[in-house]
Amino acid sequence: MSKSGKNEDKGIGRLLSNIALCMASLGSPVLTAATLILYVDVETNQVYTTPGKNRVKLGEFEQVKRDENSASK
């Protein structure tokens, strides 16, 4: 794999981490029963909710509800 490929992998990993953090911070009841499918444009790293040219599916994401008694670490 080329250096640019490794950098893209790191960028996508960082992007997924950021998306997970953002979704964890959302408290919207609209997302509780739905699955959010995200796509990323491989040229611009812009995230979309619809498929399109140059877009790769990142995955399906669901909001995680944490128990009040569980400690977040």
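Modeller: Let's start with a definition: two strands pair if DSSP finds at least two bridges between them. Strands themselves are DSSP runs of E, at least two residues long, while helices are runs of H or I with at least four residues, and both are numbered from the N terminus. Here, β1 and β3 pair in the antiparallel sense over 6 bridges.

Colleague: Good. Before we go on, what kind of model is this?

Modeller: This is a predicted model, where local features need pLDDT of at least 70 and side-chain atom pairs count only at pLDDT 80 or more, while totals for chains, interfaces and linings use all residues. Residues are numbered from 1 along each chain as its sequence is written, and side-chain values use heavy atoms, with hydrogens and water left out.

Colleague: In what order do the strands sit in the sheet?

Modeller: The order is β2-β1-β3, an open sheet of 3 strands with antiparallel pairing. At the edges are β2 (47-48) and β3 (55-61), each pairing on one side only.

Colleague: Can we zoom in on one residue? Which residue in β3 is the bridge partner of I37?

Modeller: That's E60. I37 itself belongs to strand β1, residues 36-41. In sequence I37 and E60 are 23 residues apart, yet their C-alpha atoms are 4.4 Å apart in space.

Colleague: And what else is I37 in contact with?

Modeller: Contact means heavy atoms within 4.5 Å. If you skip neighbours within four places in sequence, I37 touches Y48, T49, K57, G59 and E60.

Colleague: Why is I37 called partly exposed?

Modeller: Buried means under 20% relative accessible area, exposed means over 50%, and partly exposed is in between, using a 1.4 Å probe and protein chains only. I37 counts as partly exposed because its relative accessible area is 29%.

Colleague: What about the loops? Where does N45 lie?

Modeller: N45 is in the loop between β1 and β2. Its phi is positive, about 65 degrees, although N45 is not a glycine. N54, in the loop between β2 and β3, also isn't a glycine and has a positive phi of about 65 degrees. N45 is partly exposed at 43% relative accessible area, and N54 is partly exposed at 31%.

Colleague: Last one: which residues make up the largest nonpolar core?

Modeller: A nonpolar core is a set of buried Ala, Val, Leu, Ile, Met, Phe, Trp, Tyr and Cys residues joined through side-chain atoms within 4.5 Å. The largest one has 6 residues: L15, I19, L38, V40, L58 and F61. Two or more of these residues come from each of α1 (3-25), β1 and β3.
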